[in-house]
Amino acid sequence: NGEQVKVSLEDAVKNPQWFNLPVVILVGIIKSTQYRGDSISATTLTGCQRRTYWERTEDFYVAPQDLAYKAFRGQMIHTILESLVQQPVQMPGEEGVNIELAIRKAMLSFIPEMRFRRTMDLGDGSTVEVSGQLDLLEIVANANACKPMVIIHDYKTAEPYAVTKIAKEGLDADHVYQVNFYRWIVDPYYTVIGAVLNYIGYGFTAMSGSLAKFRRMGRDYQVEMPGVPLWSEEDFLAKTVPMVRTMRSAFIDRVIPPADGGIGGWRCHSCPFKSHCDAYKAPEPKLPKPKRTRKQKVIEEVLAHVAA
């Protein structure tokens, strides 16, 4: 509700002690958690579908402090991308040099922050409209053709340890799926010839399919980032159609979808619905190791020496 948001932000400005967060961060949190109704997009199908369903159908609370850093990083990137499509403003005294205009001319071969929609045939006589908002499309050839060739650019925030993990174990499966979702959804308009996942963190950037250089804990690292695989339409639909059916059934018939807590249940730990989700398993408490006395240590050393 727009009026509720307006009142809440005004209250936050008047009472900063409530959250101890600047109003711009609160705006970023609101933008990153706004209600999406029963629409189905790439982000709807990645992660835990049960959590997505409950976020759309139940009231829940998450402490603003827990969302502050994530909202700030994510919204910062998207704000920069959105600014690329704004009309340049000529300021007084800038008749000779207009930086905004120069940037706009340089970005003529890029399409930032555009949402696409496409109807998906579910194979049971029904269809569903799905959508996806791409971070950046780069037009690389045939700009005047019916289907120009493009490269999809997707931006993710990350920490250095995540980049080293990607170099060793491969790209995150959800990130790869999301890019292939975008490829399918723009296919009526563009021929996608490649995709790049751009990871941005404090003091470093890394791109899929290239050499990443960064500094971590006082050491310099160089890791080779794997490229993004592009799936065939057949493989994409084989994976996606069952998920779309599940979410449609959840939104229309209120059938709770399956949970996916991720490897080791990492998604569950920060889930606001874990208290009433049967898939959540609380981690077992770690018991402190019993301390050995000096006498026990001496006896163990003597026994080990005798055994040797």
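The following legends describe close-up views of a predicted model.

Local features are reported at pLDDT of at least 70 and side-chain atom pairs at pLDDT 80 or more, whereas totals for chains, interfaces and linings use all residues. Residues are numbered from 1 along each chain as its sequence is written, and side-chain values use heavy atoms, leaving out hydrogens and water.

**View 1. Overall fold of the protein.** The protein has 11 helices and 8 strands (DSSP runs numbered from the N terminus; helices are H or I with at least four residues, strands E with at least two). Of its 308 residues, 33% are buried (under 20% relative accessible area, with exposed over 50% and partly exposed in between; 1.4 Å probe, protein chains only).

**View 2. Surroundings of S126.** S126 is found in the loop between strand 2 (110–121) and strand 3 (127–141). Its relative accessibility is 17%, so S126 counts as buried. The side chains of S126 and R248 are joined by a polar contact of 2.6 Å (a pair of N or O atoms within 3.5 Å; within protein, one must be able to donate a hydrogen and the other to accept it, and residues adjacent in sequence count only if both atoms are side-chain atoms). Apart from neighbours within four places in sequence, S126 is in contact with M120, D121 and R248 (heavy atoms within 4.5 Å).

View 3. C271 is buried at 14% relative accessibility, and C277 is buried with a relative accessible area of 14%.

**View 4. The aromatic pair Y53 and F251.** The model contains 10 aromatic pairs (rings of Phe, Tyr and Trp, the last by its six-membered ring, with centres within 6.5 Å; planes under 30 degrees apart are stacked, over 60 edge-to-face and the rest tilted). Y53 and F251 form a tilted pair, 6.5 Å centre to centre with 35 degrees between the planes. This pair links helix 4 (residues 49–57), which holds Y53, to helix 9 (residues 233–253), which holds F251, across 198 residues. Y53 is buried at 5% relative accessibility, as is F251 with a relative accessible area of 9%.

**View 5. The aromatic pair F116 and Y190.** The ring centres of F116 and Y190 lie 6.2 Å apart with planes at 80 degrees, so the pair is edge-to-face. F116 belongs to strand 2, and Y190 to the loop between helix 8 (173–186) and strand 5 (191–201), 74 residues apart.
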